[in-house]
Amino acid sequence: MNLSMQFVRMENVLVLRLEGELDHHAAIELRAAWQEQIRVHKIQHTILNLENLHFMDSSGLGVILGRYKELKQLNGEMVICSINPAVRRLFDMSGLFKIVRYESNEHFALLSLGVAS
Amino acid sequence: MNNEMNITFKSISANEAFARISVAAFVSSLDPTLEEINEIKTVVSEAVTNAIIHGYEENPHQTIAITCTLSEDNLTVIIEDFGLGINNIDLAKQPLYTSKPELERSGMGFTIMENFMDKVEIHSVPDEGTKVTMVKEFKKSKTLCN
Ligand SMILES: Nc1ncnc2c1ncn2[C@@H]1O[C@H](COP(=O)(O)OP(=O)(O)OP(=O)(O)O)[C@@H](O)[C@H]1O
Ligand SMILES: [Mg+2]
């Protein structure tokens, strides 16, 4: 796999750290794993840490937007943090940050959701 | 430098990474910047993913072909499938338009290709296939030797 994912749970918040490359191939597995976390552990919010994500294409935008909508149904939120310039370019092009909040690091993202870290 | 390469591979999603890495390796003689490499990898990934998802509707037994040509500082990449084709190319190019929202597509593929490359041409015939031709001019040598 070119993508590795790390899931850490704090209360009803899921911290998801991605490392490597997120394309269509990886997006299929990410979607399944992320949805399982939401369902099994009654997750309401997700903090998506993209510090070590080096490559992403439109498939990544799709899977992130898909989970944003899913969490919104649960009255939850998604916060993205620590993004590199290449990935940021795609978010800017798609206007994703008009709807999804951005924080500079995981600590601030946790604080913004009311979880002390 | 003038050079050319051709690859064909099966329409399986694991080949998306193979395709973008191959094209990135091919252009390495131009001494590209990290940004240029990222742009090339992204657009190849977009076009190959489109061939797999839309052209072949995820049938893994079909073929995708890539031809790359280097001429001086210009790269031409042609990515071709022999699948369903596109009925309305103008509509397909619209930002956020997708024919497959149920597959969580965002409709940004062609917009990204047009942003990252200097020229993008789409040739498509329904039930025959789609050929995307993209051109990028690489910045002249980053370091002057004299
Ligand atoms: N190779 C192809 N064969 C058939 N149809 C295609 C092909 N490439 C693109 N299309 C059509 O053009 C539309 C737009 O493509 P584009 O890549 O911009 O968006 P998308 O693939 O739907 O979403 P995204 O790329 O953001 O995941 C597609 O929804 C599809 O209908
Ligand atoms: Mg696409």
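This is a predicted model: local features need pLDDT of at least 70, side-chain atom pairs count only at pLDDT 80 or more; totals for chains, interfaces and linings use all residues.
Residues are numbered from 1 along each chain as its sequence is written, chains are lettered from A and ligands numbered from 1 in the order in which they are written, and side-chain values use heavy atoms, leaving out hydrogens and water.

Next, colour the strands of chain A. Five of them make an open, mixed sheet in the order β1-β2-β3-β4-β5. (Strands are DSSP E runs of at least two residues and helices are H or I runs of at least four, numbered from the N terminus; two strands pair if DSSP finds at least two bridges between them.) β1 (3-10) and β5 (101-103) of chain A each have a single partner strand, so one side of each has no neighbour in the sheet.

Now pick β2 (residues 13-22) and β3 (residues 45-56) of chain A, which pair in the parallel sense over 9 bridges. Click A:L14 to find its bridge partner in β3(A), A:T46.

Finally, go to ligand 1, between chains A and B. One of its oxygen atoms is 2.5 Å from an N or O atom in the side chain of B:S99. (A polar contact is a pair of N or O atoms within 3.5 Å; within protein, one must be able to donate a hydrogen and the other to accept it, and residues adjacent in sequence count only if both atoms are side-chain atoms.)

Terms used. A residue is near a molecule or strand if one of its heavy atoms lies within 4 Å of it.
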